[in-house]
Amino acid sequence: FNLLVSGTEINNALWLESERIGSLQLKDQIIDRLKNNVYKRYYHLSNSSVKFRAVNWVRERVFEDTVYRTPLYGKIEDILGFDNKKIKELYDNFRSLSDIIMVISGKFDLDETKEMIKKRFSGLNFRKRIRNNNFVPAPPRKKYIYETWHIDNLKQPFFVYGIRGPSKKSYDFLYFNFIKYYLLDQRISRLRRNINFRNNLDVNFDYEFTDFYECNALIIIVTATNRIKLEKA
């Protein structure tokens, strides 16, 4: 995450970060409460929002044959049954200082900041890295999938499009990112200009883009109050 502070507050920012990393308490009671909260949230979304279910359905097919096919929070029916012992082992294995990258940019005294970092982080004792996974990006999708649903009585009918994007370590990621902004960013969106302004259609575009290393999904949601306009769009 990003944290913007003044130069005089670097020490406090480092203290907050060291506390965040070092104060995690993996007690069964806390884990059970968090599992219950996650379950309630996604169970409610799944049962109350057609759009949420549609987006998840599309994302699952975009990520077919990859580890990302299952949502990061897991399958709803499995959340409450997650093994607390395995959760603790997972954090013990992955919470290592060798896996943490901290970037400080701006105007500051280098030697003074180094001393602050040493003071705040030298007392954090985590396991050394025990894994050395070779990264293999997922291949691009060549199979085109098209499915259509028709749900009656929707106040705002919608279409959902899913596109598999390249790995963040791929050079193509830079170009894909550019195309994404060129098409969908509200400030320069070509889709909005061509569909709404030139063709006088009142449709709305929302999108989400994952932030994964192996591959990514661009989900485009086109919504309208009028189904005929949506079909034209």
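Strands β1, residues 158-165, and β3 are joined by eight bridges and run antiparallel. Strands and helices here are DSSP runs numbered from the N terminus, a strand (E) having at least two residues and a helix (H or I) at least four. Two strands count as paired if DSSP finds at least two bridges between them.

Please note that this is a predicted model, in which local features need pLDDT of at least 70, side-chain atom pairs count only at pLDDT 80 or more, and totals for chains, interfaces and linings use all residues. Residues are numbered from 1 along each chain as its sequence is written, and side-chain values use heavy atoms, with hydrogens and water left out.

On its other pairing, β3 is joined to strand β2, residues 203-209, by seven bridges, again antiparallel. β2 and β3 form a hairpin, with six residues between them.

How covered is β3, residues 216-224? Nine of its nine residues are buried, that is, under 20% relative accessible area, where exposed is over 50% and partly exposed lies in between (1.4 Å probe, protein chains only). N216, L218, I220, V222 and A224 point one way, while A217, I219, I221 and T223 point the other way.

I turn now to A54, which is found in helix α3, residues 50-62. A54 is buried, with a relative accessible area of 5%. Leaving aside neighbours within four places in sequence, A54 is in contact with W149, F158 and V160, contact meaning heavy atoms within 4.5 Å. By contrast, A54 and D32 are 22 residues apart in sequence and 29 Å apart in space, C-alpha to C-alpha.
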